Amino acid sequence: MKQMAELNGKQRRKLKSLAHHLKPVVYIGKNGITDGLMAAVEQALDDHELIKIKFIDFKDAKRAFLEKIAAETGGEILNLIGNIAIVFRQSRDEAKRKIEL
């Protein structure tokens, strides 16, 4: 998976502000990281580019889980506050991009 260019501070702040009103679209529960969860994250990133992930279980391992999700999807972890993470991946298809940096 090709990694996008590193985001600068201004871009990160803009994305965090855009994510503020969003509701979590992916929930990590008792099954942890499964193929189905990874498919859901991929689909959510393709559809929205900017998503929130909520940890219901595995709260002690959330940083490790996020690193794995980011590595496998090519997403960028923007923030982790409490049990909610913000992840961004710009659409590969320029015509489908919703967020301009």
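Q: Let's start with strands S3 and S4: in which sense do they pair, and over how many bridges?

A: Two strands count as a pair if DSSP finds at least two bridges between them. Here, strand S3 (residues 76-81) and strand S4 (residues 84-88) pair in the antiparallel sense over five bridges. Before we go on, this is a predicted model, so local features need pLDDT of at least 70, side-chain atom pairs count only at pLDDT 80 or more, and totals for chains, interfaces and linings use all residues. Residues are numbered from 1 along each chain as its sequence is written, and side-chain values use heavy atoms, with hydrogens and water left out.

Q: Which other strand is joined to S4?

A: That's S2: five bridges join S2 to S4, and the two run antiparallel. On this side, Ile53 stands opposite Ala85 in S4. Remember that Ala85 is also the bridge partner of Leu80. As a general idea, in a regular strand the side chains alternate between the two faces of the sheet.

Q: Is S4 mostly covered or mostly open?

A: Here you need some cut-offs: buried means under 20% relative accessible area, exposed means over 50%, and partly exposed is in between (1.4 Å probe, protein chains only). S4 is mostly covered, with four of its five residues buried. For the protein, 37% of the 101 residues count as buried.

Q: What elements does the protein have, and in what order do they run?

A: Helices (H or I, at least four residues) and strands (E, at least two) are DSSP runs, numbered from the N terminus. The protein has three helices and four strands, and the elements run α-β-α-β-α-β-β from the N terminus on. The radius of gyration is 13 Å, close to the 13 Å that the globule rule gives for 101 residues, so the protein is as compact as a globular protein of that length. That radius is taken over C-alpha atoms, and the rule is 2.2 Å times the number of residues to the power 0.38. Along its principal axes, the C-alpha trace spans about 35 × 25 × 20 Å.

Q: What share of the contacts links residues 24 or more positions apart?

A: A contact means heavy atoms within 4.5 Å. Among contacts with a separation of 6 or more, residues 24 or more positions apart account for 69%. Take Lys16 in helix H1 (residues 9-19). Leaving aside neighbours within four places in sequence, Lys16 is in contact with Leu78 and Asn79. Lys16 is partly exposed, at 31% relative accessible area.

Q: Where is Glu49, and is it buried or exposed?

A: Find the loop between helix H2 (35-48) and strand S2 (50-55), and you'll find Glu49 there. Glu49 is buried, with a relative accessible area of 0%. Not counting residues up to four places away in sequence, Glu49 touches several residues, including Val87, Phe88, Arg97 and Lys98. Glu49 also has a positive phi of about 70 degrees although it is not a glycine.

Q: What about Phe58: what is its phi, and where does it lie?

A: Phi of Phe58 is near 60 degrees, again a positive value in a residue other than glycine. Phe58 lies in the loop between S2 and helix H3 (62-73), and it is partly exposed at 35% relative accessible area.

Q: Which residues does Lys98 touch?

A: Not counting residues up to four places away in sequence, Lys98 touches Asp47, His48 and Glu49. Lys98 lies in the segment after S4 and counts as exposed, at 55% relative accessibility. The C-alpha atoms of Lys98 and Asp47, 51 residues apart along the chain, are separated by 9.3 Å.
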